[in-house]
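Have a look at the model first, then read on.

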Amino acid sequence: MKPAAIRITRDIYERARAKMVEEQLVARGIKDKRVLNAMLAIPRHIFVDDALSSQAYSDFPLPIGEKQTISQPYMVALMSEALGLTGKERVLEVGSGSGYQSAVLSMLAYKVYSVERLTTLTARARRTLDRLHCSNVVIKLGDGTMGWADEAPFDAVIAAAASPQVPEALVDQLAPGGRLVIPVGTEESQKLLRITRRANGVSTEVLGGCRFVKLIGKDGWQAEKKDASER
Ligand code: SAH
């Protein structure tokens, strides 16, 4: 398998997409050509409800149901770039959500393993990714704070939900030289961290401030009571 080769789609949002890449990504310092190309190619509007299509290329996150959001385009680009992908990597994604970030990663890496805790989102993300023939993405229903032990180690790990601490399993499942990008902090505000596995331990860089939905699981936040039925 090799990175998914999505052709630049012809649709009514082509110009909106190009504008998004120029004004939200290039203008803010995203330089990785492969990331820019992937975000130019992937039709972000099919990852949101029809009623929100026209806002899909705007500079903010959007609701995707279940109190979750598709991340702001800039955040998707920043995190993807931070993983430093060349096309050979096996990547673990925690929080498939709409599947948009998975689609971007499918063009940047060899294979994407994505874990999502909510059934409805898992099913919808799979359907949308199938429409784009993203055959190098596998999605599993489960608690991503535990990683995906059977498929470890990973060259890169990305979490699109915020955690009170770095889940140990995600660091343990990094290959030598592997990178983990994850927002860590309180419910209201977090720092985006990049943790790299080195020969003699790990190194941590702070990439900036951010605000994500909660990572809910054994090594994240606890599910609220009414939330438990969603599992
Ligand atoms: N990258 C996604 C954004 C997802 S929002 C996109 O492009 O649409 C974060 C997602 O993480 C939500 O769908 C939420 O249900 C999921 N999530 C939260 N805690 C999780 C956990 N422990 N394991 C797997 N998924 C989790």
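An oxygen atom of the ligand sits 2.6 Å from an N or O atom in the side chain of E116, which counts as a polar contact (a pair of N or O atoms within 3.5 Å; within protein, one must be able to donate a hydrogen and the other to accept it, and residues adjacent in sequence count only if both atoms are side-chain atoms). Keep in mind that this is a predicted model, where local features need pLDDT of at least 70, side-chain atom pairs count only at pLDDT 80 or more, and totals for chains, interfaces and linings use all residues. Residues are numbered from 1 along each chain as its sequence is written, and side-chain values use heavy atoms, with hydrogens and water left out.

**Ligand contacts**
- S98 also reaches the ligand: one of its polar side-chain atoms lies 2.6 Å from a ligand oxygen atom.
- On its own the ligand exposes 580 Å², and the protein buries 100% of that (areas by the Shrake-Rupley method with a 1.4 Å probe; for residues, only the protein chains shown count as cover).

**The shell around the ligand**
- The ligand has 26 residues around it, and the closest are S98, E116, D143, G144 and I216 (near means a heavy atom within 4 Å).
- β2 (68-70), α4 (100-108) and β4 (111-116) each put at least two residues into this shell (helices are DSSP runs of H or I with at least four residues, strands are runs of E with at least two, numbered from the N terminus).
- β2 gives the most, with three residues.
- By type, the shell has ten nonpolar, eleven polar and five charged residues (nonpolar: Ala, Val, Leu, Ile, Met, Phe, Trp, Tyr, Cys and Pro; charged: Asp, Glu, Lys and Arg; polar: the others, Gly among them).

**The largest cavity**
- The space taken by the ligand is the largest cavity (a molecule sits in a cavity or pocket if more than half of its atoms lie within 2 Å of its grid points).
- A cavity is a set of points, on a 1 Å grid over the protein atoms alone, where a 1.4 Å probe fits but cannot get out; a pocket is an open set with protein on both sides within 12 Å along at least five of seven lines, and lining residues have an atom within 4 Å of a point.
- The largest cavity's volume is about 340 Å³ (the space filled by probe spheres set on the points, which are joined across faces, edges and corners).
- Its lining has 29 residues, and G95, S96, G97, E116 and A161 are the closest to its centre.
- β2, β3 (90-94), α4 and β4 are the elements that give two or more residues to that lining.
- The lining divides into 13 nonpolar, eleven polar and five charged residues.

**The second largest pocket**
- This pocket holds about 170 Å³ of space.
- Its lining includes T69, M75, R211 and F212.

- The A152 to P153 peptide bond is cis, with omega near 5°, and P153 lies in the loop between β5 (137-141) and β6 (154-159).
- E66 has a positive phi of about 60° although it is not a glycine; E66 is in the loop between β1 (62-65) and β2.
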